[in-house]
Amino acid sequence: MIYIQLYLRSRRVPLALAVAAGAAVVLWTLWLTLSTESRVATSMVVLTVGLLVSAVSTTLAAPDENLDRTASRRWPWWRAAHLLAAVAVVMLIPLATLMTGAQFGPATLLLRDVAGLFGLTALAATVVGAARSWFVPLGWAVIAALFPQPGLWGALATWPSQPHGNRPAAVVAAAFAVAGLVTYALAGPARREPAE
């Protein structure tokens with residue numbers, strides 16, 4: 001139990017969760033007070049999910065990734081569990097709003113976008129490091145929310161903002177989720193030089 005507490009603190013998980021929950025509460029409050037619709041617009045859901053994933057993405061590495069690699073732990077299992085737990089927690093935050101006057105949903109849209117954007121974040125973490133891993137998924141979410149495109153190629157390019165039943169968008173999200181999970185679990189975050 002103490003090891004898990006130390007692990008979560010070294011990854012700055014409590015701070016990341018507080019930031020994510022705070023951002024969700026602010027966006028939920030704005031929609032509740034400024035909109036007459038109870039169902040939150042898809043573009044707002046996509047932007048919220050992108051923001052929550054970005055807030056939690058900083059937990060994908062400890063301050064010293066090289067020190068982590070020297071420990072005698074089975075890191076692939078720890079990394080996979082960490083990523084799956086992050087997906088579950090980020091899913092729970094907007095799901096909690098489904099019983100309120102401002103509903104971020106549906107649940108299938110949330111699952112597709114959270115899993116896909118976390119997979120993209122994990123892929124970015126293995127290439128550029130956890131500190132910069134939020135650039136790609138948040139940028140993709142913003143572009144998809146602002147410029148959703150119709151048709152097959154549009155659904156593939158702007159998959160986060162497609163309707164929740166869109167099959168090509170689900171395939172892209174699933175591909176990112178699986179690739180990100182496997183790559184991050186096996187390779188871990190990109191190594192940084194000590195001067196960074």
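1. Phe176 is buried, with a relative accessible area of 18%; buried here means under 20% relative accessible area, exposed over 50% and partly exposed in between, with a 1.4 Å probe and protein chains only. Keep in mind that this is a predicted model, where local features need pLDDT of at least 70, side-chain atom pairs count only at pLDDT 80 or more, and totals for chains, interfaces and linings use all residues. Residues are numbered from 1 along each chain as its sequence is written, and side-chain values use heavy atoms, with hydrogens and water left out.

2. On to the rings. There are four aromatic pairs in the structure. Rings of Phe, Tyr and Trp (its six-membered ring) pair if their centres lie within 6.5 Å; planes under 30 degrees apart are stacked, over 60 edge-to-face and the rest tilted. One of the pairs is Trp134 with Phe135, edge-to-face at 4.5 Å centre to centre and 80° between the planes. Trp140 and Phe176 are also edge-to-face, with centres 5.4 Å apart and 80° between the planes. Because Trp140 sits in helix α7 and Phe176 in helix α9, this pair ties together parts that are 36 residues apart in sequence. Trp140 itself is partly exposed, at 26% relative accessibility. Ring pairs also bring in Trp159, giving a cluster of Trp140, Trp159 and Phe176.

3. Now α9 as a whole. Helices are DSSP runs of H or I with at least four residues, strands are E runs of at least two, and both are numbered from the N terminus. The expected span of a helix is 1.5 Å times one less than its number of residues; for the 21 residues of α9 that should be 30 Å, and the end C-alpha atoms are 30 Å apart, which agrees. At the N-terminal end, Asn166 is the cap, with a side-chain oxygen 3.0 Å from the backbone nitrogen of Ala169. Just after the helix, Gly188 takes a positive phi of about 75°.

4. Which residues of α9 are buried? They are Ala169, Val172, Ala173, Phe176, Ala177, Gly180, Tyr184 and Ala185. An α-helix has 3.6 residues a turn, so residues three or four places apart point the same way. The cover over the buried residues of α9 includes α5, α6, α7 and α8 (151-157); contact means heavy atoms within 4.5 Å.

5. One more residue to look at is Arg79, in helix α5 (residues 75-95). Arg79 is buried, at a relative accessible area of 9%. A polar atom of its side chain lies 2.9 Å from the backbone oxygen of Ala185.

Methods:
Polar contact = N/O pair within 3.5 Å; in protein donor to acceptor, adjacent residues only side chain to side chain.
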